[in-house]
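This briefing sets out selected features of the structure shown below, grouped by topic for reference.

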Amino acid sequence: AREVIDTAMKLEGLVRGAGVHAAGVVIAPRPLTDLVPLSRSKNEEIVTAYDMKAIEKMGLLKMDFLGLTTLTVIDDCLKLIQRNQNGAVLDLTTIPLDDLETYEKVFHRALTSGIFQFESSGMRDVLRRYKPTSVEDLTALNALYRPGPIQGGMIDDFIERKWGRRKVEYDLPPMELILRETLGVIVYQEQVMQIANAVAGYSLGEADLLRRAMGKKNLEEMAQQRERFVTGAAAKGFRKETVTRVFDLMEQFAGYGFNKSHSAAYALLAYHTAYLKTHYPVEFMAALLTSEISKPENVVRYIKECREIDISVEPPDVRTSDADFTPRGKSIQFGLTAIKNVGRNAIDSILAVRNELAAEGKTFSSYWEFCEKVDLRLMNKRVLESLIKAGALDSFGRRAQLVAAADRAMERAQKAQRDLASGQHGLFGIFDDHPVHARNADALPEIPDWDENERLAAEKEVLGFFVSGHPLDKYADKLRNLQGVVDTATALEMKPSPAPTRRGQPPEQEISIAGVIVGLKVAKSKRSGEYYAQASLEDTVGKIELICFPKDYAAMAENLKIEVPVLARGQLRCDEDAAPKLCVSSVQALEDVKVRLPKSLRIKVALERASDATLTELRGMLDAAPGPGRVMLSLEMRGEYCVVLEPSGFSIAADRAFMDRAETLLGQGMVQVMD
């Protein structure tokens, strides 16, 4: 024990580790080597060996310059607009800040994927409830969406005041002008300073000292400030009781207060991205996808959103793709930089050759020509096979054929490039303008193409996600009819239930997620010596981490190795600020999962709206969906009668597709499951 304590006393107060501030830049009037010790970070950045507080005490200026990917997205988007819209130049400083279409399409509907600071599920919920209509609204929501104001109920109060369900009141007349834009709620640090100035006669310098004291919760300083505030307000004729209440209110909100200038800059950036997404969706999504190229889970999510807003994302193609994601009319062409093992130099070589051919009105005519034209010092067999697996050479033949012919194509190309370098030509080259590779002797081998699983697995290998389809696609109808199944994005936004702490507590609610298991790792628990497993489950919108504890692992060990889509069931668990994980209790191949359809269905028909054609179409739908389920028809004439009958000779398969079609015909909520 003495050794432990003595060692701890030596360690106490020492720097635990060196960290680098993400945006801090030290500015000095002389070379920093004359003033402070410097060192290098693991990324070879030159950094001061003193921390920021010591730097400030020395009198050196420390400025935070925040680098944002969003600024690159905006810049790339503007360049794409100019290239894609006949040279149109968009100046974001001149766009209207009250564009109703932008607010309604993006913020009111909370379609904020890719919108700076407004992507989280919680913020989307706030947007749906508040429905902002100005940059000032966005500024306030930005400032309020933080742990303090959320836990203090400030956001709910703000929304209630917005819609007139809670009265907006001001304690003192001067406060109305200051707090009108935030509906009487103190949101910004600047408002605390303005109130101190207007109510108690503080200078702005004194008001800033008050703001700092409140933020740091310095009790001694706060007692002095309270006396100063009350005295100053009394000199202006305000009642002591009211002034004291105002000071208490300021003190309460100062802990939550946010810098308005910071929030406004972020809100303007959010509006700019929303405006571009609304009016130039193809260019914006292309720029966004390019910015997320190193994060496959985000690319998957954004590609899915593209398809939902009718923007198709075309697979990569060496004849048309650029390095980055590129708009092509109403679609987006996949960028070549997204393909693993294909370096920038190889891409530049492909693009250079393609530009030379384009100048002659040509393009790559075949697999053989492509290999012969591209610099093989930059494109080896591994690069070629990665292009094939990604689908970038699909215009030359089937993928299995191209891989089988890769060795021969590389050998031919190497010989052709050696001959060209030495000035030699084939015997018939001087008489024949047609390239050698165009002859029948060079036809691709006739072999079967890869099956769907092999094709998709190859895409996943070189892209990190699926492009031409997804293993879950063929199970789409089944998944719609399985109860309690959510996607990974929904699961990650759900709040995990706290684990039961006593016997007799109800078990945590389980959810089911369909997907493909990847990255399976099995390890031995240090505590019990038993095996447990970790993996990821990927679906069409993203992925979630899985964990299988020792008590369940033995029973599920084989099922965790299944390479086809599975249905994983379990409880969400979350450690501190980490993303939720699914603690799996069962895994089953999706192919083997049985769908339980409703045994009985009640279909309501509003006779005042129904016509003979409506009933005829309904009968046709019933005839076309035979199955074991009973059908109950509820014929209703509003305010007069309701007749419930069971038509003889009808039984149906009451799946989700049938119910959707019936509700499209008869109206939302007109189909009810009876069991």
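Methionine 63 is located in strand β4. The model is predicted. The points below begin with the surroundings of this residue and then turn to a helix and to the nonpolar cores.

- Two or more residues of the nonpolar patch come from each of β1 (24–27) and β4 (61–64).

**Helix α10**
- Helix α10 comprises 12 residues (residues 189–200), which should span 16 Å at 1.5 Å a residue; the end C-alpha atoms are 16 Å apart, in agreement.
- The buried residues in α10 are Gln189, Gln191, Val192, Met193, Ile195, Ala196, Val199 and Ala200.
- Cover for the buried residues of α10 includes α9 (173–179), α11 (204–216), α12 (219–235) and α13 (240–254).

**Nonpolar cores**
- The largest nonpolar core contains 123 residues, and those with the most contacts inside it are Phe229, Met250, Tyr367, Phe370, Leu384, Leu387 and Leu393.
- With eight residues, helix α14 (residues 260–279) gives the most to this core.
- Another core, of 22 residues, lies apart from it and includes Ala491, Ile517, Ala533 and Val587.
- Neighbours within four places in sequence aside, leucine 384 is in contact with Tyr367, Phe370, Cys371, Met379, Leu393, Ala406 and Met410.

Terms used. Residues are numbered from 1 along each chain as its sequence is written. This is a predicted model: local features need pLDDT of at least 70, side-chain atom pairs count only at pLDDT 80 or more; totals for chains, interfaces and linings use all residues. Side-chain values use heavy atoms; hydrogens and water are left out. Helices (H or I, at least four residues) and strands (E, at least two) are DSSP runs, numbered from the N terminus. The expected span of a helix is 1.5 Å times one less than its number of residues. Buried means under 20% relative accessible area, exposed over 50%, partly exposed in between (1.4 Å probe, protein chains only). Contact means heavy atoms within 4.5 Å. A nonpolar core is a set of buried Ala, Val, Leu, Ile, Met, Phe, Trp, Tyr and Cys residues joined through side-chain atoms within 4.5 Å.
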